[in-house]
Amino acid sequence: IADIGFNNAVNCIKGTKSKELNLIIRRDEKHYSVSLKTGESDIQSVYSYTVNNNTIGVVQILDFNKKTYAQFKAEMDGLLKDNVKAVIFDLRHNTGGTVDTAAKILDYLLPKCNTVHIKLKDGKVRVRNKSDKKCIDLPFVILTDGQTASSSEIFVSTMRHQKKATIIGEKTYGKALIQRTYTLKDGSKGYGVSGTPTDAVTLALFQIMDEKPDIMISGINTG
């Protein structure tokens with residue numbers, strides 16, 4: 001990886017379904033041979049259950065990946081079918097993911113509003129994502145901790161700004177940066193925000209400030 005870069009290493013491993021791979025892994029100066037077969041893997045990132053005699057739904061979102069929205073909607077539809085009276089979103093230990101996935105979930109929950117905007121260096125504000133008028137009209141609570149970061153903080157901030165949720169828990173991580181990776185057409189190497197050589201340039205787009213909960217509590221047990 002040090003010689004060819006992370007992205008090229010990933011591209012060598014990725015491929016068509018059922019592709020046979022033989023990897024040589026070095027660990028503590030020893031080499032190991034591992035045989036793999038490529039394939040698709042669906043990782044569940046959203047779980048739900050009910051508490052308080054099935055009147056309150058709890059939705060745990062582990063991260064915001066490309067499949068999170070479909071999983072989230074399925075879990076929420078199930079809770080709504082059970083006629084829950086309120087929903088708790090557990091974003092503790094959720095270190096983020098894609099902004100667009102968080103924005104889609106916000107669109108599902110919120111009435112018509114701007115959900116994500118970018119403040120440019122010249123002071124101008126550009127709206128990045130919006131919500132339509134369809135929404136879920138229920139009381140919401142969001143649980144946070146010190147590992148609630150990045151896209152999770154966007155979710156928390158927007159729900160708070162729209163006065164649609166009470167935030168309970170600990171102060172969020174305060175990542176302060178969101179990155180976008182741009183591959184260079186000429187194949188030259190750029191430098192990411194970490195300062196290490198990469199096959200692309202990673203730029204910080206906009207800032208996320210740490211969110212202080214409305215109610216500061218540590219070690220919440222939702223069970």
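Lys-37 and Glu-20 are both exposed; here exposed means over 50% relative accessible area, buried under 20%, and partly exposed in between, computed with a 1.4 Å probe on the protein chains only. The structure is a predicted model, in which local features need pLDDT of at least 70 and side-chain atom pairs count only at pLDDT 80 or more, while totals for chains, interfaces and linings use all residues. Residues are numbered from 1 along each chain as its sequence is written, and side-chain values use heavy atoms, with hydrogens and water left out.

The side chains of these two residues, Lys-37 and Glu-20, meet in a salt bridge, with 3.7 Å from N to O. Lys-37 belongs to strand β2 and Glu-20 to strand β1, so that the pair, 17 residues apart, links distant parts of the chain. A salt bridge is counted when a side-chain nitrogen of Lys or Arg is within 4 Å of a carboxyl oxygen of Asp or Glu. Strands are DSSP runs of E with at least two residues, helices are runs of H or I with at least four, and both are numbered from the N terminus.

Strand β1 (residues 20-27) runs antiparallel to β2, and eight bridges join them; two strands count as paired if DSSP finds at least two bridges between them. Within this pairing, Arg-26 stands opposite His-31 of β2. Two residues separate β1 from β2 in the hairpin, and Asp-28 in the turn has a positive phi of about 55°. How many of the eight residues of strand β2 are buried? The number is zero, so strand β2 (residues 30-37) lies largely in the open.

Strands of a sheet pair through backbone hydrogen bonds, either parallel or antiparallel.

The whole structure contains five of them. Side chains of opposite charge can pair when their charged atoms come close. One of the salt bridges joins the side chains of Lys-73 and Asp-77, at 3.0 Å from N to O. Because Lys-73 and Asp-77 are four residues apart in helix α2 (residues 68-81), about one helical turn separates them. Lys-73 counts as partly exposed at 33% relative accessibility, and Asp-77 also counts as partly exposed, at 31%.

Another salt bridge brings together the side chains of Arg-92 and Asp-90, at 2.8 Å from N to O. Are these residues buried or exposed? Arg-92 is buried, with a relative accessible area of 15%, and Asp-90 is buried as well, at 5%.

The cysteines come next. A disulfide is taken to be a pair of cysteine sulfur atoms within 2.5 Å, and a search of the whole structure finds zero of them. Cys-113 is in no disulfide, and the nearest cysteine sulfur, that of Cys-135, is 9.5 Å away. Cys-113 is buried, with a relative accessible area of 12%, whereas Cys-135 is partly exposed at 35%.

A pocket is an open set of points, on a 1 Å grid over the protein atoms alone, where a 1.4 Å probe fits, with protein on both sides within 12 Å along at least five of seven lines; lining residues have an atom within 4 Å of a point. The second largest pocket has a volume of about 190 Å³, the volume being the space filled by probe spheres set on the points, which are joined across faces, edges and corners. Its lining consists of Asn-65, Lys-66, Gly-97, Thr-98, Val-99, Asp-100 and Arg-128. The lining residues of this second largest pocket divide into one nonpolar, three polar and three charged, where Ala, Val, Leu, Ile, Met, Phe, Trp, Tyr, Cys and Pro count as nonpolar, Asp, Glu, Lys and Arg as charged, and the others, Gly among them, as polar.
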